[in-house]
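Please keep the sequence and the structure in view while reading.

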Amino acid sequence: MAAEAKKEEPKKEDAKKDGTSEGTIIVIKDDDDFDAKLKQYKDKLIILDFGASWCGPCKQLDPIIKEKAKEFPKAVFFKIDVDECEETAEKYEIQNMPTIIFVKNEKQADKQVGLGKKEDIHNKIKALY
């Protein structure tokens, strides 16, 4: 069908807008959006990437997260700006950025504070995948 033929891998721009495709990064708009998306994807491994637009190490983490989203398409990646989602950042006790929280079965399964190594992020996702 023509509609199915058009359904290719999402473009980078689409990945930010379209939170329905697996392997994409969902940009969380606010705390209510976070709560809704967390419920929507509760049966999947969710990687919460907490950062801020002004954070240098957070910008360095972006390409790593994009790469891991492609490598682990059944996981869901949330990009969360702490300035837009203050309650969510408080709930997860975010003190430093970037911080990655790994959520499985609706519970925090692991955490990485700081930029860290790409291999460490990979191994944490793989262990929970």
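The structure holds 1 disulfide, a term used here for a pair of cysteine sulfur atoms within 2.5 Å. The model is a predicted one, in which local features need pLDDT of at least 70 and side-chain atom pairs count only at pLDDT 80 or more, whereas totals for chains, interfaces and linings use all residues. Residues are numbered from 1 along each chain as its sequence is written, and side-chain values use heavy atoms, with hydrogens and water left out.

**Cysteines**

- The disulfide is formed by Cys55 and Cys58, whose sulfur atoms are 2.4 Å apart.
- The torsion about the S-S bond of Cys55 and Cys58 is about 75 degrees, and the disulfide is therefore right-handed.
- Both Cys55 and Cys58 are buried, where buried means under 20% relative accessible area, exposed means over 50% and partly exposed lies in between, with a 1.4 Å probe and protein chains only.
- Cys85 also counts as buried, because its relative accessibility is 0%.

**Overall fold**

- The protein chain has 6 helices and 5 strands, which are DSSP runs numbered from the N terminus (helices: H or I, at least four residues; strands: E, at least two).
- Along the sequence, the pattern is α-α-β-α-β-α-β-α-β-β-α.
- Of the 129 residues of the protein chain, 40% count as buried.
- Among contacts with a separation of 6 or more, 65% are between residues 24 or more positions apart, a contact being heavy atoms within 4.5 Å.

**Helix H6 and its surroundings**

- In helix H6 (residues 118–128), the residues Ile121, Ile125 and Leu128 are buried.
- Seen down the axis of H6, the buried residues fall within an arc of 70 degrees, so they line one face of the helix; the arc is that of the directions from the helix axis to the C-beta atoms.
- On the other side of H6, Lys126 and Ala127 are exposed.
- The cover over the buried residues of H6 includes strand E2 (46–51), helix H4 (56–71), strand E3 (76–81), strand E4 (99–104) and strand E5 (107–113).

**Contact of H4 with H6**

- Leu61, Ile64, Glu67, Lys68 and Glu71 in H4 meet Lys118, Ile121, His122 and Ile125 in H6.
- The residues of this contact divide into 4 nonpolar, 1 polar and 4 charged, with Ala, Val, Leu, Ile, Met, Phe, Trp, Tyr, Cys and Pro counted as nonpolar, Asp, Glu, Lys and Arg as charged, and the others, Gly among them, as polar.
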